[in-house]
Amino acid sequence: ALARDILQQAPMPAPDDDPDEEEDKKEIKALDEGDIALLKTYGVGPYNKKVLGVEKDIKELNTKIFELVGVKESDTGLAPPSQWDLVSDKQMMQEEQPLQVARCTKIISPGTEDAKYMINVKQIAKFVVGLGDRVAPADIEEGMRVGVDRNKYQIQIPLPPKIDPTVTMMTVEEKPDITYNDIGGNKEEIQKLREVLELPMLHPERFVQLGIDPPKGILLFGPPGTGKTLAARAVANR
């Protein structure tokens, strides 16, 4: 009983104060106007305001100059209206008339200064004409497509042969070196592609055993850059 009374009367030692709790208990002091003004000057040089003022004045002067000369902000790349020469532009457009397509069917007296060229203008007539100032005799051959003017039908430029787009689609390419590893992603599409196109060619007996007809082809569609051409070349390489 005596020991219990002594323990009750003895003061308990105070626990050590936690430094983190002391920091949390500290009152947060708000910044006054002087502190804010001091923070705004951080990193600002002595001439910063003057430089910004000069840049603003230059920008305003440029705007006034553009308004006076008639220049507007645009992406057309046109010269200022004060530099336009509409009369010369119209005259140049009238002089450079569009050419008409014809075919040189025969060369009369080739290799001489008096060489003439028989041309066939489709749905109009056949003419025997000379060459223009901008084309040489060595540039023209029989059967070649040429561009002729609409007044004297003189040959002005040689034209490349006309190519049928349906023929270019059927041109034979060499065996490509593209593999499925060169195609990024599209794992599901590649798997379907291999099942539809490769299985009938590599393992036709499976379709015979199942009694089904193999697919006749596949259509790849999608926006540009999604790997359609690479997939087709990988199949051709396989």
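Predicted model: local features only at pLDDT ≥ 70, side-chain atom pairs only at ≥ 80, totals over all residues.

Student: Where does T179 lie, and how many residues separate T179 and L230 in sequence?

Tutor: Helices (H or I, at least four residues) and strands (E, at least two) are DSSP runs, numbered from the N terminus. On that numbering, T179 sits in the loop between α6 (165–168) and α7. T179 and L230 are 51 residues apart in sequence, and their C-alpha atoms are 8.2 Å apart in space.

Student: Does T179 count as buried, exposed or something in between, and why?

Tutor: A residue is called buried under 20% relative accessible area, exposed over 50%, and partly exposed in between (1.4 Å probe, protein chains only). T179 counts as partly exposed because its relative accessibility is 32%. For the chain as a whole, 15% of the 238 residues count as buried.

Student: What is the secondary structure of the chain, and what pattern does it follow along the sequence?

Tutor: The chain comes to nine helices and five strands, and along the sequence they follow the pattern α-α-α-α-α-β-β-β-β-β-α-α-α-α. As for contacts between residues at least 6 apart in sequence, 43% of them join residues at least 24 apart.

Student: How should I read the pairing of the strands, and which residue is the bridge partner of C104 in β2?

Tutor: Two strands pair if DSSP finds at least two bridges between them. Strand β1 (residues 100–108) pairs with β2 in the antiparallel sense over five bridges, and the partner of C104 in β2 is I119. β2 is also joined by five bridges to strand β3 (residues 125–129), again antiparallel, where I119 has F127 as its bridge partner and M118 has V128.

Student: Which residues form the covered face of β2, and which the uncovered one?

Tutor: In β2 (residues 116–121), Y117, I119 and V121 make up the covered face, whereas K116, M118 and N120 make up the uncovered one. In β4, by contrast, both faces are covered, with R145 and G147 on one side and V146 and V148 on the other, all of them buried.

Student: What are the partners of β4?

Tutor: β4 pairs with β1 in the antiparallel sense over four bridges, and V101 stands opposite G147 there. Three bridges join β4 to β5, which also run antiparallel, and the partner of V148 in β5 is I155.

Student: Where should I look for a positive phi?

Tutor: In the hairpin of β2 and β3, which has three residues between the strands, Q123 in the turn has a positive phi of about 65°. In the hairpin of β4 and β5, with six residues between the strands, Y153 takes a positive phi near 60°, and Y153 counts as buried because its relative accessibility is 17%. S109, found in the loop between β1 and β2, has a positive phi near 55° although S109 is not a glycine, and at 39% relative accessibility S109 counts as partly exposed.

Student: How is a pocket found, and what lines the largest pocket?

Tutor: Rolling a probe the size of a water molecule over the atoms shows where empty space is left. On a 1 Å grid over the protein atoms alone, a pocket is an open set of points where a 1.4 Å probe fits, with protein on both sides within 12 Å along at least five of seven lines, and lining residues have an atom within 4 Å of a point. The largest pocket holds about 320 Å³ of space. Of the 14 residues that line the largest pocket, N186, E189, L220, F221 and K228 are the closest to its centre. Both α7 (187–202) and α9 (228–237) supply at least two residues of this lining, and α7 gives the most, with four.

Note on methods
Residues numbered from 1 in each chain as written. Heavy atoms only, no water. Contact = heavy atoms within 4.5 Å. Points joined across faces, edges and corners; volume = space filled by probe spheres on them.
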